[in-house]
Amino acid sequence: MPLPLYLLALAVFAMGTSEFMLAGLVPDIASDLDVTVGTAGTLTSAFAIGMIVGAPLVAGLARHWPRRPALLGFVLVFASAHAVGALTEWFPILFATRVVAALANAGFLAVALTAAAGLVPPDRKGRALAVLLSGTTVATIAGVPGGSVLGTALGWRATFWAVAALCLPAAIAILKGIPATGEQAEVTGRPALRAELAQLTRPRLILVMLLGALVNAATFASLTFLAPVVTDSAGLEEWWVSVALVLFGAGSFIGVTVAGRLSDRSPGPVIAIGGPLLLIGWPALAVLVSEPVALSILVFVQGALSFALGATLITRILYEAAGALTMAGSYATTALNVGAATGPILAATTLGTRAGTLGPLWTSGLLVAVALLIAFPLLTRITAARGTQVLR
């Protein structure tokens, strides 16, 4: 894989740490800013909403920008938003900084996903995507648990400062490692925006975007409230939150890696086998949450299955949107973040019910069930080859 892919993954690591870190910080933020845990959990939805709006909007605005300065600008805006968030005493301002950071993240991913696909041969999109998303999975293994430990020791604001600091080496890596040569020719040769937006009328593209949204909604519904699941439902000490996040992240890394090997040529088995296992895993976790060993195993497995399925569906979106040279990445980003926005909101509504802090786990199971009910009758269409047109 080309070196620029790994440099892009470094920036994705910083952004992924921010996107997932609230899983370990929600209770502290709620206490510090005098809001409920459910309200603090909406910060995840705020980030996702910014991604939903920002992905197509910023990608559309940036489609005529050279890739290197666009990527660099997005990283610097992202860092600035975290600095403001670390300083504020008001929840509405923190909420707003999450939206701004998400807009920058959305723009970055929309450009980076398209750039990654263009750096490799047409039949290796899945491999390239796995490298890019490894930044996110490493964030869940190291960045998010590290942020949780840092937040426990020094307060949640320290974690925000740490993310801002992580953006600086990422910015330098982009400046030094992403080539500037040939960018003007690349920009002038891009198709009209109307032609790229017309790809959204394709039924198969809409279908895989819907499935990606549902699977990601299930992932974020439980991940956002993993801390209270571990400390309240399971009755474990607070340090177990970091353990659970590390296990989920390690599983997600394996899931993305496996999906990277299979999603180009064999996406069907990933969906047909991984989907039902993911469906079983969420309610199993709710039932066995009081058993630390079972909890640890299931958190690892659910991380692997969630990201294997999610990464496969991202790859299918890129294939189906092959005619959208500059916008395909934004379509994938939008789909996944529709899920990331709705999942925590749906899960938060269950916290006040009899299900309590186990409600998010049952919500995740229901969302996966809906996805499979849609996917299985149409599995052949979902995994069929896109044809000769490829994203470059």
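# Close-up views of the predicted model

**A. Thr97 belongs to helix H4.** Helices (H or I, at least four residues) and strands (E, at least two) are DSSP runs numbered from the N terminus. The model is predicted, so that local features need pLDDT of at least 70 and side-chain atom pairs count only at pLDDT 80 or more, whereas totals for chains, interfaces and linings use all residues. Residues are numbered from 1 along each chain as its sequence is written, and side-chain values use heavy atoms, with hydrogens and water left out. Thr97 is buried, with a relative accessible area of 8%, where buried means under 20%, exposed over 50% and partly exposed in between (1.4 Å probe, protein chains only). Once residues up to four places away in sequence are set aside, Thr97 touches Ala81, Val84 and Gly85, a contact being heavy atoms within 4.5 Å.

Leu109 is another residue of helix H4. With a relative accessible area of 16%, Leu109 is buried. Apart from neighbours within four places in sequence, Leu109 is in contact with Val12, Met51 and Thr333.

**C. Phe91 and Phe95 are examined as an aromatic pair.** The whole structure, when searched, contains three aromatic pairs. The rings of Phe91 and Phe95 form one that is tilted, with 6.3 Å from centre to centre and 50° between the planes; rings of Phe, Tyr and Trp (its six-membered ring) pair if their centres lie within 6.5 Å, and planes under 30 degrees apart count as stacked, over 60 as edge-to-face and the rest as tilted. Phe91 and Phe95 are separated by about one helical turn, because they are four residues apart in helix H4 (residues 91-118). An α-helix has 3.6 residues a turn, so residues three or four places apart point the same way. Phe91 is buried, at a relative accessible area of 12%, while Phe95, at 30%, is partly exposed.

**D. Phe248 and Phe307 form an edge-to-face aromatic pair.** Their ring centres are 6.2 Å apart, and the angle between the planes is 80°. Phe248 lies in helix H11 (residues 239-262) and Phe307 in helix H13 (residues 292-320), so this pair ties together parts that are 59 residues apart in sequence. Phe248 is buried at 4% relative accessibility, and Phe307 is buried at 13%.

**E. Helices H13 and H14 are viewed along their lengths.** H13 has 29 residues and reaches 42 Å from its first C-alpha to its last, close to the expected 42 Å, the expected span being 1.5 Å times one less than the number of residues. Because 24 of the 29 residues of H13 are buried, this helix is largely enclosed by the rest of the structure. Helix H14 (residues 328-350), with 23 residues, reaches 34 Å between its first and last C-alpha atoms, close to the 33 Å expected. H14 is also largely enclosed by the rest of the structure, because 17 of its 23 residues are buried.

The largest nonpolar core has 67 residues. Such a core is a set of buried Ala, Val, Leu, Ile, Met, Phe, Trp, Tyr and Cys residues joined through side-chain atoms within 4.5 Å. The residues with the most contacts inside this core are Ile29, Val75, Phe78, Phe108, Ile174 and Ile317. H4 supplies the largest share of the core, 13 residues. Leaving aside neighbours within four places in sequence, Phe108 is in contact with Leu8, Ala11, Val12, Met15, Leu71, Phe74, Val75 and Ile174. Apart from this core lies another, of 49 residues, which includes Leu211, Ala227, Leu367 and Ala375.

**G. Asp34 occupies the loop between helix H1 (3-32) and helix H2 (37-62).** Asp34 has a positive phi of about 60°, although this residue is not a glycine. With a relative accessible area of 72%, Asp34 is exposed.

**H. The protein chain as a whole gives the setting for these views.** The chain holds 16 helices and zero strands, and 59% of its 392 residues are buried. Among its contacts with a separation of 6 or more, 86% join residues 24 or more positions apart. The accessible surface of the chain comes to about 14,500 Å², of which 72% belongs to carbon and sulfur atoms; the areas come from the Shrake-Rupley method with a 1.4 Å probe, and for residues only the protein chains shown count as cover.
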